[in-house]
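Student: Could we go through the charged side chains of this model together?

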Amino acid sequence: MGVISTILGFCGFTVGISAGLVIGYFLFIYFQPTDVKNPEIRPLVERDTESLQQMLPEIPLWVKNPDYDRVDWLNKFLEYMWPYLDKAICKTAKNIAMPIIAEQIPKYKIDSVEFETLTLGTLPPTFQGMKVYVTDEKELIMEPCLKWAGNPNVTVAVKAFGLKATVQVVDLQVFASPRITLKPLVPTFPCFANIYVSLMEKPHVDFGLKLIGADLMSIPGLYRFVQELIKNQVANMYLWPKTLEVPILDPSKAYRRPVGILHVKVMKAMNLRKKDLLGGSDPYVKLKLSEDKLPSKKTTVKHKNLNPEWNEEFNFTVKDPQSQALELNVYDWEQVGKHDKMGINVVPLKELTPEEPKVMTLDLLKTMDLSDVQNEKARGQLVVELLYKPFKEDDLPTSFEESQTVQKAPENTPAGGGLLVVIVHEAQDVEGKHHTNPYVRLIFRGEERKTKHVKKNRDPRWEEEFQFMLEEPPINDRLHVEVCSSSSRIGLLHPKESLGYVDINLSDVVSNKRINEKYHLIDSKNGRIQIELQWRTAK
């Protein structure tokens, strides 16, 4: 019976296979699906943008979207540098991962976890294009389109309970569109303090995963589950507006913040030298804090006086009392021509005791070179009173965001009033008919201030700050900002011309406390100027 059953079973299997093949062939040949339509053939020029992008998904973004720039130079750089970047990145990743692994494995009773092989392969990532955003803040925003179909080989050996298992990651594909923000931009290499990374859409991640040589991704349902899990987890952590912050520099050191106020009272000068032909001098004092981009401050001119008395007070914002110094220059005013320097001296701020006023009598020198024999001649003396008042620890900003907030006004601010701060950053596309040596005139309530001159530059940068102490908020006032150019040659033809102007209503800065915008210049073809306004009150 057993032999007969075997023979009948084999015959039934053979007949079943043959009948199934014949029936399947018959159905395939004679029964065509009715829902299949003939393809519609149309020229490419008649297709819309969406259809073309679906048909040709591999077209670089810089071809499809004009906002993206072509970055072939960057791809070429990665191609040449990839063998070295591969080793450097793998070494850095291993140094970061091993301490973390060593800290975590005791919790799971694992003996050891080691990298047997770690390489990113021979195929570098490519950038399909890059979009760059321009803002009025001190930051740089980039959105590259990254595609990487690599051949990495990452093999991790796990030992536990006397057994060893290897996990291998191969054939990695990553398509992502990150937003990379470098801010704040600082004057210390690498010129930015933090990197902020976020994803503008869910990334595409595909890879092969082998456990003891077996391909785990071939298990039905596991591939799609793992892929969706990775997409959702990465998106939950880094999808815009969530960001990954990578600190590069300490902003408090790279972008030096104010730490105190220096009060200077210029009292008097004694026994100054005669500079004029008639035996007198017209002295005034010019004050400046070293390592500060702000313009110098000046006293009034005392005409025909060799022992002038001023008793004028000035305030300076201190950022580093250990390295900064107060520079004092005494000049002889001349109605025509260059003003003659009568003497100079410098007071390092580290010599001042905080919160203690100090009256100093300074000998005026020819130069600050102590070995210069010209300093032996008597040039007179200057008497000043200095007081350094550091900010309290609670008033100091602890981050870049806090440092961008508006500071409080000084203690001598009138009640109900405040301090109007005007920061002239830069201008763009300014051009004169006869010369382009731009500077900025600020006129507020009849008072005029000027920036320094920048020679032969259509895109000048000043970064100068001006302050106006007011007894009441400038709600109904306007600030007149004018970009001018003066000829660098001595002559009567076209000595000065206007490159454009703008009148700024100050009611908004009183309400918002801080405004930083670019304004289009009137009477200028394409000129713009960036002005930052702050309204500081004692509260």
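Tutor: What follows is a short talk about charged residues and their partners. This is a predicted model, in which local features need pLDDT of at least 70, side-chain atom pairs count only at pLDDT 80 or more, and totals for chains, interfaces and linings use all residues. Residues are numbered from 1 along each chain as its sequence is written, and side-chain values use heavy atoms, with hydrogens and water left out.

Student: How many salt bridges does a search of the whole structure find?

Tutor: The search finds 13, where a salt bridge is a side-chain nitrogen of Lys or Arg within 4 Å of a carboxyl oxygen of Asp or Glu.

Student: Which side chain does Glu143 meet in a salt bridge?

Tutor: Glu143 pairs with Arg179 at 2.5 Å, N to O. Glu143 lies in strand 3 and Arg179 in strand 6, so the pair ties together parts 36 residues apart in sequence; strands are DSSP runs of E, at least two residues, numbered from the N terminus.

Student: Are those two buried or exposed?

Tutor: Both Glu143 and Arg179 are buried, meaning under 20% relative accessible area, with exposed being over 50% and partly exposed in between (1.4 Å probe, protein chains only).

Student: Switching topic, what about Glu312 and its nearest side chain of opposite charge?

Tutor: Glu312 is buried yet has no salt bridge, and Lys302, the nearest side chain of opposite charge, is 5.0 Å away.

Student: Which network includes Arg441?

Tutor: Salt bridges link Arg441, Glu448, Lys450 and Glu482 in a network, and within it the closest N and O atoms of Arg441 and Glu448 are 2.9 Å apart.

Note on methods. Lys, Arg positive; Asp, Glu negative; His and termini not counted. Helix = DSSP H or I, 4+ residues; strand = E, 2+ residues; numbered from the N terminus.
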